[in-house]
Amino acid sequence: MGFQRNQRTFRPKKSAPSGSKGAQLRKHIDATLGSGNLREAVKLPTGEDLNEWLAVNTVDFFNQVNLLYGTLTEFCTAENCPTMTAGPKYEYRWADGVQIKKPIEVSAPKYVEYLMDWIESQLDDESIFPQKLGAPFPTNFREVVKTIFKRLFRVYAHIYHSHFQKIEFGLIDKKELAPLQELIESIVPY
């Protein structure tokens, strides 16, 4: 059986918003992440606009989740993951408040597809994520970003609970994991 990828879910990388300003902030993120100091990497750079910073990091998080989830589409199927869960206690239902107002139960891949379409439509809307330098952000921008981050985090939670072993144990020989075996056993549900 050949490797098939869900083209709707595995989508091209979005570029940073707000023109050259976004590109500058993107370079700053790369430089500080490379230092290994996560506190510095997430700190608002001196003199920068908070909304610009949030916008660039939102696009970055969207791209990272897309990239990671895209490697799992062969395992995360409607058959394997008929509901969008993160362990036995958490199930997520989809609603966008526009076309789907009452939350509906969908498979994990369908949830991710709905989610990525929903986020992408906001990233492409210049009244929410302005592309022109100095263009105003909406007054509710922080709330928009909070909702995007909350929902993207659900994809991480699903991957961790349902597909963690595929990521780790499929790529790293178990004997290589021996130094961290106790830690791994404490966080990986068997």
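The charged end of Arg151 sits over the ring of Trp118, 4.6 Å from its centre. The model is predicted, with local features requiring pLDDT of at least 70 and side-chain atom pairs pLDDT 80 or more, whereas totals for chains, interfaces and linings use all residues. Residues are numbered from 1 along each chain as its sequence is written, and side-chain values use heavy atoms, without hydrogens and water.

Q: What makes the charged end of Arg151 count as sitting over the ring of Trp118?
A: A charge sits over a ring if NZ of Lys or CZ of Arg is within 6 Å of the ring centre and within 35 degrees of the ring normal. For Arg151 and Trp118 the distance is 4.6 Å.

Q: Why is the pair of Trp94 and Tyr114 called stacked?
A: Rings of Phe, Tyr and Trp (its six-membered ring) pair if their centres lie within 6.5 Å; planes under 30 degrees apart count as stacked, over 60 as edge-to-face and the rest as tilted. The centres of Trp94 and Tyr114 are 6.0 Å apart and their planes lie at 10°, so the pair is stacked.

Q: Why is Trp94 counted as buried?
A: Buried means under 20% relative accessible area, exposed over 50%, and partly exposed in between (1.4 Å probe, protein chains only). Trp94 has 1% relative accessibility, so this residue is buried. Trp118, at 17%, is buried, and Tyr114, at 26%, is partly exposed.
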